[in-house]
Amino acid sequence: MDDLQQLVQKLQNTRHLEKEEWAALIRGRTDMLAEYVFSLARKERHQHYGHDIYIRGLIEFTNYCKNDCYYCGIRKSNAGVMRYRLGEEQILSCCSAGYALGFRTFVLQGGEDGWFTDERMVRIVGAIKSRFPDCAVTLSIGERSKESYQALFQAGADRYLLRHETFNAAHYSLLHPSSLTAASRQKCLWTLKDIGYQVGAGFMVGAPGQTPEYLAEDLLFLEKLKPHMVGIGPFIPHHATPFAGEPAGTLEETLFLLGLIRLLLPKVLLPATTALGTIAPNGRELGILSGANVIMPNLSPANVRENYTLYDNKLCTGAEAAAGIQELKDRMCAIGYQIVTDRGDSRM
């Protein structure tokens, strides 16, 4: 067994690597090493979650955003975006359609849109919980105050997704305007955890300026935070951003990191993201075979989906849309997995 395989063994045995060990593993990735990681990751995933795949109904309810992140297609200064907001009844209608299809978790995702005040969001969360009491509500609406997070939790929100994007402060400032900081982002995650949310963190793979050392810091942060969910996906450029000409992150590196995260946090919920399906036709299946166990099809109304373009060529039809659930079931069945009707809470 070579040195890198021994590092993978160490990771599985101790759930820890030092920063330089993580960096060496990431830098030394080969197809053979990746297959070794995937085989171990699948064992861990089967031990804790069997062959079940949890589905989340994604409702992208606003594409207004006050931020100007340099990689994001719905950034404030992109004047080419057709902006929209869904009202409470439209959101509830998405949930009704999803419930009938077997979804028991709804993910409300949007830009940081000041129109959706705490009062409005509390009312929406409360309405979903009262109409669908057996369902989990996940929010993904960015950085807010502790009081805001607390109010939304009391209204019934169960989970909160907030990708930390990159742990390294210098790298974070390369990707964001100076009004946003890595420290503020991380503080929000700790606050959410303290309040009692099931918390999701995550990062982009292959973001401009990223190094194996930066990824190592991300993995050390995940080890410390112990989130219930980790969402990672390849960086994909958007034509109307400062990073339009940057190369995309690769399928291979993203899958490798999915496998490593499963070994680091065996009970974590790990999505095979839309971005994976965007860069490869079978990206979702490969994500599941690398250790992922969650898929988030789109429940947003068809007429707004194409306006929630965080990056170019984002998938929003076929197996990507909630209405294509049968196709998704067939595709997962073909690789030996089954989609279940379940809230799919984390076992962390």
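Select helix H4 (residues 88-101) together with helix H5 (residues 118-131): in this predicted model, their axes come within 10 Å and cross at roughly 30°. The crossing of H4 past H5 is right-handed. To display the contact, show the side chains of Glu88, Glu89, Ile91, Leu92, Cys95 and Ser96 on H4, and those of Arg123, Ile124, Ala127, Ile128 and Arg131 on H5. Coloured by class, the contact of H4 with H5 separates into six nonpolar, one polar and four charged residues.

Next, select helix H1 (residues 3-14) and helix H3 (residues 31-49). The axes of these two helices come within 10 Å, with a crossing angle of roughly 15°. Because angles under 35 degrees count as roughly parallel, H1 is described as roughly parallel to H3. The crossing of H1 past H3 is right-handed. The contact of H1 with H3 consists of six nonpolar residues, three polar residues and one charged residue.

Which residues of H2 are buried? They are Glu21, Trp22, Ala23, Leu25 and Ile26. The elements that cover these buried residues include H1, H3, helix H9 (212-225) and H10.

Now move to helix H10 (residues 251-264). H10 has 14 residues and reaches 20 Å from its first C-alpha to its last, close to the 20 Å expected at 1.5 Å a residue. Of the 14 residues of H10, 13 are buried, so the helix is largely enclosed by the rest of the structure.

For the last stop, select Val205, which is found in strand E6 (residues 198-205). Is Val205 buried or exposed? Its relative accessibility is 0%; since buried means under 20%, Val205 counts as buried. Leaving aside residues up to four places away in sequence, Val205 touches Gln210, Ile232, Gly233, Pro234, Phe235, Gly249, Glu253, Thr254 and Leu257. To finish, draw a distance from the C-alpha of Val205 to that of Leu255: the two residues are 50 residues apart in sequence and 9.8 Å apart in space.

Key. Residues are numbered from 1 along each chain as its sequence is written. This is a predicted model: local features need pLDDT of at least 70, side-chain atom pairs count only at pLDDT 80 or more; totals for chains, interfaces and linings use all residues. Side-chain values use heavy atoms; hydrogens and water are left out. Helices (H or I, at least four residues) and strands (E, at least two) are DSSP runs, numbered from the N terminus. The expected span of a helix is 1.5 Å times one less than its number of residues. Buried means under 20% relative accessible area, exposed over 50%, partly exposed in between (1.4 Å probe, protein chains only). Axes are lines fitted to C-alpha atoms, for helices over the stretch in contact, and angles run from 0 to 180 degrees between N-to-C directions. Angles under 35 degrees count as roughly parallel, over 145 as roughly antiparallel, 65 to 115 as roughly perpendicular and the rest as oblique. A crossing is left-handed if the near helix is turned anticlockwise from the far one by less than a right angle, and right-handed if clockwise. Ala, Val, Leu, Ile, Met, Phe, Trp, Tyr, Cys and Pro count as nonpolar, Asp, Glu, Lys and Arg as charged, and the others, Gly among them, as polar. Contact means heavy atoms within 4.5 Å.
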